[in-house]
Amino acid sequence: MASGQRAFAKKKAHRLEKLRAVHRALDKQIQKDYNKYQDVQGKKVEKLKLKEEIVSLENELGSQLNG
């Protein structure tokens, strides 16, 4: 793998870790709000969008490392 590709993969991996951290934080916030009987639907939608982006990045990184 060329050094440019490695740098790009490293950036994607860093972005993936950031997204995972945001996803976990949002999950905790949803749980807190739910326990306070607050509406969490908007946060759940945001969490699903983050999860889709996480899965997409994981697939891209996996294909780059294997291909």
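Visitor: What is A9 in contact with, leaving aside its neighbours within four places in sequence?
Guide: A9 is in contact with L61 and Q64, where contact means heavy atoms within 4.5 Å. This is a predicted model, in which local features need pLDDT of at least 70 and side-chain atom pairs count only at pLDDT 80 or more, while totals for chains, interfaces and linings use all residues. Residues are numbered from 1 along each chain as its sequence is written, and side-chain values use heavy atoms, with hydrogens and water left out.

Visitor: Why is H23 called buried?
Guide: H23 has 17% relative accessibility, so H23 counts as buried (under 20% relative accessible area; exposed is over 50%, partly exposed in between, with a 1.4 Å probe and protein chains only). H23 is found in helix α1 (helices are DSSP runs of H or I, at least four residues, numbered from the N terminus). Beyond residues up to four places away in sequence, H23 touches K47, L50, K51 and I54.

Visitor: Which residues make up the largest nonpolar core?
Guide: Ten residues do: A9, L16, L19, L26, I30, V40, L50, I54, L57 and L61. Such a core is a set of buried Ala, Val, Leu, Ile, Met, Phe, Trp, Tyr and Cys residues joined through side-chain atoms within 4.5 Å. Helices α1 (3–35) and α2 (41–66) each give two or more residues to this core, and α1 has the largest share, five.

Visitor: Which residues of α2 are buried?
Guide: They are L50, I54, L57 and L61, and what covers them includes α1.
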